[in-house]
Number of protein chains: 2
Amino acid sequence: MARRAAKTSPSPSDLDARKATILEAVVAEHIDTAQPVGSSSVAHSADVDVSPATVRSEMVALEREGYLAQPHTSAGRVPTDKGYRYFVDHLKSGVLSSAQQYQVRDFFANVRGEVEDVLEKTSTLLSELTSYTSVVVSAGHSHASILSVQLVSLEARHQLLVTVFSDGSVVKHSVNTTFDANFVDVSEASRQLNALLIGTTLEHRVQVPSRSDGVATLVRESVSVLHAEQPTTDGEQVFIGGSSKVAEVFVGVETVRKVLSILEQELLVVTLVQDILNRGLSVAIGSEHGYEPLSACAVIVAPVTIDGASAGAVGLLGPTRMKYREALAAAGMVSQHLARHFGGEDDLA
Amino acid sequence: MARRAAKTSPSPSDLDARKATILEAVVAEHIDTAQPVGSSSVAHSADVDVSPATVRSEMVALEREGYLAQPHTSAGRVPTDKGYRYFVDHLKSGVLSSAQQYQVRDFFANVRGEVEDVLEKTSTLLSELTSYTSVVVSAGHSHASILSVQLVSLEARHQLLVTVFSDGSVVKHSVNTTFDANFVDVSEASRQLNALLIGTTLEHRVQVPSRSDGVATLVRESVSVLHAEQPTTDGEQVFIGGSSKVAEVFVGVETVRKVLSILEQELLVVTLVQDILNRGLSVAIGSEHGYEPLSACAVIVAPVTIDGASAGAVGLLGPTRMKYREALAAAGMVSQHLARHFGGEDDLA
DNA sequence: CGTTGGCACTCGGTAGAATTGACTGCTAAC
DNA sequence: GTTAGCAGTCAATTCTACCGAGTGCCAACG
């Protein structure tokens, strides 16, 4: 009995060779044509050498097991999310065309400017490579240490706190006071803040002066405003490239609108990408990522790792019938080049 | 003869009262229904009390003069860009619903955070108010003076130049050297840069040391990298809100794609907005702004003026058949609140 | 017993014809 | 100059018939 069970369904999510081949043929063709695929075109495809009738009977099995679906009785089959999942799990990794490889290498050889500019442009590159919408997320600076803080006076009661982190990011915060601060106090507060904060990260709590004079108040206010940043965002930045591809790639205004409106919410996008990474996935298909408005989408992510630490991620967002092999290859190559660009080679730029 | 000419066409772009009423009725109804409007519905509309037949003969005149067009022989009339132009030029300015007014006031009473955050949120607000895509452009800092510059060492050959401007903006620039810079040199360079640049604007040219030692080189490099910013952009920032509205408001994937791909190019958007402002317009309809991909769009802009100086602009982008009165009112109200928010009341926040 | 060819059936998509109805332009009368 | 009436136009809609891709089932075959 155990054997029989093992035979009919060898393992919950493993298929016998012929079913696998057929499933892969269906998925591949549907990705190509966007049409439901019928038994005969599968039977005539390269790796399959059985008759359409046999393919049909396998297809009803695949449908029963949830890999395929039929839009209507007399139509071909369409992959379900589960079908796509099987497909990408058994995908042998591909490689970009040499023209595309050249484009990436050329880009990273010539790109210059501040980190943000580079990431922005990278996002555009990735989108142009794949013709899907791309997302580049840079890691927050919660683990970066503070290199410098400076308090600059804009108006008597309005100071600007400028903080430089070891990862090269710079953030500013407004510090408002209820009293007029004079120039000397601001400089002194700036000096004390430096002494207090340099070398710490945002996670360190520091001892602030409890006196009630102007300088101490400025210092207290500054530290609190700086440390208040934590909860909302970690300082991640998101760069979205090729949002117009959404209109090319999805059919139906409503889908386009839904996807665009998700992309507008940057916090959501960051969360989505990190969610997928945390689950150890590189692709989330349809309902897998749990965002209903994105149920028509697949999301590909590739972490960017510098010196063993996570420095961010790049992602691609396309229809579930996206060209996984090419897209995975593009995301992978770009993430590696990004890592190299901001890793050792940085001083070559 | 002169009199006769004056009678048939009183003035190149002025219409007699009845034609004007009819044109306005056509535009208003078409904005409402998105359908070609026929003579009878115009004749039955409030301000018109002539028969459909009369309306028809006026309509052929309006069509001959370029205010209306006919999609096909047996259809109603649709306004041309020129027709819309007449409509907005003769629009008595409207006012927002009290619910919307409340929403704006409430927003500005409660919003807090850095300038960028406020502008970003303002952009979302404006888009939600109107259900069109909104654009908020903040002026560049070419006229702002430098309050502070600081050189921070990231690596031996990689310094970060952080500049604070009197308008509260902070920019960073990488400064790379071909030699290892030590801490003392960097501090000294920082000190000299402060002495050199504080109080100047980016338009000032300053005298840099010509010596070839480390400090002088750092100073020269820093100044050059800072002044190099000018040509590309002026430091303007663009915040685009509600890009998903594009999919709601335009029909046809191709139009949606074109508009989105324009919105992706921020530089283009800034130029567009400034172009319109420079021409003294507040609305650019269809072909008026000269961007072919936006020929289906109308763009509304309202300058934000603080203490008599231009501090940026807010804009709305919708279809040519947009609700001009409401949109103009919204843009106007938001721009005024923005000016007030960052003007005198700033220290109340 | 798995595989295959054959066959009847289903059902979405398309093409054409007929119909509808919302317009117009024109004209003749007011 | 304005209006009612009328004939004409043309997109949109509906209906019908039909086609064909594709299925499920079954009987025959190795």
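These exercises work through selected side-chain contacts in a predicted model.

**Exercise 1. Describe the aromatic pair of A:Y67 and A:Y86, then its counterpart in chain B.**

Step 1. Over all chains, the structure holds six aromatic pairs.

Step 2. Take the geometry in chain A. The ring centres of A:Y67 and A:Y86 are 5.9 Å apart, with 85° between the planes. Planes over 60 degrees apart count as edge-to-face, so the A:Y67 and A:Y86 pair is edge-to-face.

Step 3. A:Y67 lies in the loop between α4 and β1, and A:Y86 in helix α5. The pair therefore ties together parts that are 19 residues apart in sequence. Both A:Y67 and A:Y86 are buried.

Step 4. Turn to chain B. B:Y67 and B:Y86 also pair edge-to-face, at 5.9 Å and 85°. Both of these tyrosines, B:Y67 and B:Y86, are buried.

Step 5. Check the ring faces. A:K82 lies over the face of A:Y67, 4.5 Å from the ring centre. B:K82 lies over the face of B:Y67, at 4.5 Å from the ring centre.

**Exercise 2. Characterise the salt bridges A:R191 to A:E188 and A:R257 to A:E254.**

Step 1. The structure holds 24 salt bridges over all chains.

Step 2. Take A:R191 and A:E188. Their N to O distance is 3.1 Å. Both lie in helix α8 of chain A, three residues apart, about one turn of the helix.

Step 3. Classify exposure. A:R191 has 51% relative accessibility and counts as exposed. A:E188, at 26%, is partly exposed.

Step 4. Take A:R257 and A:E254. The closest N and O atoms are 3.0 Å apart. The two residues are three apart in helix α11 of chain A, so about one helical turn separates them. A:R257 is partly exposed at 21%, and A:E254 is partly exposed at 43%.

Step 5. Check chain B. B:R257 and B:E254 meet in a salt bridge of 3.0 Å, N to O. B:R257 is partly exposed at 22%.

Note on methods: Residues are numbered from 1 along each chain as its sequence is written. Chains are lettered from A and ligands numbered from 1 in the order in which they are written. This is a predicted model: local features need pLDDT of at least 70, side-chain atom pairs count only at pLDDT 80 or more; totals for chains, interfaces and linings use all residues. Side-chain values use heavy atoms; hydrogens and water are left out. Rings of Phe, Tyr and Trp (its six-membered ring) pair if their centres lie within 6.5 Å; planes under 30 degrees apart count as stacked, over 60 as edge-to-face and the rest as tilted. Helices (H or I, at least four residues) and strands (E, at least two) are DSSP runs, numbered from the N terminus. Buried means under 20% relative accessible area, exposed over 50%, partly exposed in between (1.4 Å probe, protein chains only). A charge sits over a ring if NZ of Lys or CZ of Arg is within 6 Å of the ring centre and within 35 degrees of the ring normal. A salt bridge is a side-chain nitrogen of Lys or Arg within 4 Å of a carboxyl oxygen of Asp or Glu.
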